[in-house]
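Please look through the structure shown below before reading on, and keep it in view while following the report. The headings take up helix packing, the ligand and some backbone details in turn.

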Amino acid sequence: MKEQVLIYEKSVAGRKGYSLPDTDRSDKEILAAIPEKFRRTEDAALPEIAEPEVMRHFVALSSKNHHIEKGFYPLGSCTMKYNPKLNDAAANSPEFQSRHPLAPCSVSQGNLELMWSLSECLKEISGFRGMSLQPVAGAQGEFCGLLIMRACHLKNGQMRHKIIIPDSAHGTNPASVTSVGYSTVHINSNEDGTISPEAVAEVMADDVAGMMMTNPNTLGLFEPHIAEIARIVHDGGGLMYMDGANLNANMGIFQPGDIGFDIMHFNLHKTFSTPHGGGGPGAGAVGVTAELEKFLPFPVLEQDADNKLFFNYDRPDSIGRLHTYFGNFANMVRAYAYIKTLGGKGLLRVSENAVLNANYLKELVREDYDLPHGQSCMHEFVISGNRQKKLGVKTSDISKRLLDFGVHAPTNYFPLIVPEAMMIEPTETETRETLDAFAEIMKKIAREAETDPENVTSAPHSTPVRRLDEIHAARTLDVNYIE
Ligand SMILES: *Cc1c(COP(=O)(O)O)cnc(C)c1O
């Protein structure tokens, strides 16, 4: 029997999964109540299916896909940690959900207070004085931060248009630079995989608006020269941006706002456990120094003389609005619930355990895979599949084979400076048993590459679909069943 995958294939004419209450009105009377122009001329093309079958359909689909609730998800740089269900319960509570975003501030004080308190928490965690919760993705946070940088230079009458970015940076960094009309000055990382102050000094110039750094960087390494690099950039009239996507390694340990960074975005959907993946709603709050606060996107949440919160739109130096309403509010609730559940000490333990788990796993896999940067890592590390490639097994093959064991692939071929890169971020929410099991699987695949490479290059063998034409799928995306 052919498996019915689509809900339309399960449809049987006349079957119903609902019942409507009885009415004493005739069909004709009901119809007459609907204006002519809104009436259907033919039936909607909806599947006709019983309620239990609908439920089975979606549960079956959810288990075909990989997700954090199903298995280990060490996708480096993405911080695929467990999303506590408590956060969802808070975000779904009617007290939060029933507020209309355009309701007057006077009747929305509870929601505003949550936004205010979350901002205060993020300030304390990061060391920044000003905060905007408006951006809805890390990349939009970068865009926001760079617009602030541009606004600041223009206000000072400075025509600067270049941003220094190291070769280890996430692709969104140069993309954001281009989006604000700036251009990128690339610098190379040194042999240790970090940035040398000399490399920055060499390119710092009068037309450089600032520098973007990620800490820990995408190799999972803590940048040891931040203060000195910040001094060089500041002395040259530039500003320092930190890509804060990797903050999961830093909480309670290092405050970017105190060491020389002027602007930073958070990925609330990474560090603070709001669900992400599949392009779902994100939250990319941006923190700035006191000097840059006036450039934040408007409206800005402020307190009036009676301690009541209100949105201030009267911000003449603001870069403007970045999003409808005020950002993704439900994700703010989730992040706030997460922060308050753990408290300051708990957040410190999150980062400590994220770093411990990564170092533990690194030691377990380093025997079988090349490890170009072998020093202690932060919350993630990057191995290379170079050794396996010589045997005809590419990194993408290893990742496909992992699927057979119920594990999501690490981030592949990134960062670009490591050939055949696999970037592994276990996160703090995984047990030692899970890490041991993953290391065993990696060892097994390394042995297979030596003895039975075809089993790896033809993987996956156990998934609902095998190898997809990913380029075709991305270029000619079709998510409709009905033509
Ligand atoms: C995830 C990530 C980003 C982009 O964040 P999005 O929310 O996906 O837009 C930027 N930089 C780094 C280092 C990241 O890991």
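## Helices α6 and α7

In this predicted model, helix α6 passes helix α7 in a right-handed crossing. The residues of α6 that make the contact are Ala139, Glu142, Phe143 and Leu146, and they meet Thr172, Asn173, Ser176, Val177 and Ser179 of α7. Sorted by class, the contact between α6 and α7 has four nonpolar, four polar and one charged residues.

Helix α6 covers residues 138-155 and helix α7 covers residues 172-179, and the two pack with their axes 9 Å apart at an angle of about 45°.

## Surroundings of the ligand

Which residues surround the ligand? They are Ser77, Ala137, Gly138, Ala139, Glu142, His170, Thr172, Asp243, Ala245, Asn267, His269 and Lys270. Among them, Ala139 and Glu142 also belong to the α6 side of the contact described above, while Thr172 belongs to the α7 side.

A backbone N or O atom of Ala139 is placed 2.8 Å from an oxygen atom of the ligand, whereas His269 brings a polar side-chain atom to 2.7 Å from an oxygen atom of the ligand. For Lys270, an N or O atom in the side chain is 2.8 Å from an oxygen atom of the ligand.

## Helix α14 and its two partners

The axes of α11 and α14 come within 9 Å and cross at roughly 30°, which makes α11 roughly parallel to α14. Their crossing is right-handed. On the α11 side the contact is made by Asn357, Tyr360, Leu361, Leu364 and Val365, and on the α14 side by Arg432, Leu435, Asp436, Phe438, Ala439 and Met442. By class, the contact of α11 with α14 has eight nonpolar, one polar and two charged residues.

Helix α13, residues 395-404, is another partner of α14, residues 432-451, and the axes of these two helices come within 11 Å and cross at roughly 125°. That angle makes α13 oblique to α14, and α13 passes α14 in a right-handed crossing. Here Ile398, Arg401 and Leu402 in α13 meet Phe438, Ile441, Met442, Ile445 and Glu448 in α14, and by class this contact has six nonpolar, no polar and two charged residues.

## Backbone details in the loops

Most residues other than glycine have a negative phi, and most peptide bonds are trans. Against this background, which residue has a positive phi although it is not a glycine? Tyr325 does, with a phi of about 50°, and its place is in the loop between β9 (309-312) and α11 (329-365).

Cis peptide bonds also occur in this model, including the bond from Phe414 to Pro415, with omega near 0°, and the bond from Ala459 to Pro460, with omega near 5°. Pro415 has its place in the loop between β11 (411-412) and β12 (421-424), while Pro460 lies in the loop between α15 (453-457) and α16 (470-475).

Technical notes. Residues are numbered from 1 along each chain as its sequence is written. This is a predicted model: local features need pLDDT of at least 70, side-chain atom pairs count only at pLDDT 80 or more; totals for chains, interfaces and linings use all residues. Side-chain values use heavy atoms; hydrogens and water are left out. Axes are lines fitted to C-alpha atoms, for helices over the stretch in contact, and angles run from 0 to 180 degrees between N-to-C directions. Helices (H or I, at least four residues) and strands (E, at least two) are DSSP runs, numbered from the N terminus. Angles under 35 degrees count as roughly parallel, over 145 as roughly antiparallel, 65 to 115 as roughly perpendicular and the rest as oblique. A crossing is left-handed if the near helix is turned anticlockwise from the far one by less than a right angle, and right-handed if clockwise. Contact means heavy atoms within 4.5 Å. Ala, Val, Leu, Ile, Met, Phe, Trp, Tyr, Cys and Pro count as nonpolar, Asp, Glu, Lys and Arg as charged, and the others, Gly among them, as polar. A residue is near a molecule or strand if one of its heavy atoms lies within 4 Å of it. A polar contact is a pair of N or O atoms within 3.5 Å; within protein, one must be able to donate a hydrogen and the other to accept it, and residues adjacent in sequence count only if both atoms are side-chain atoms.
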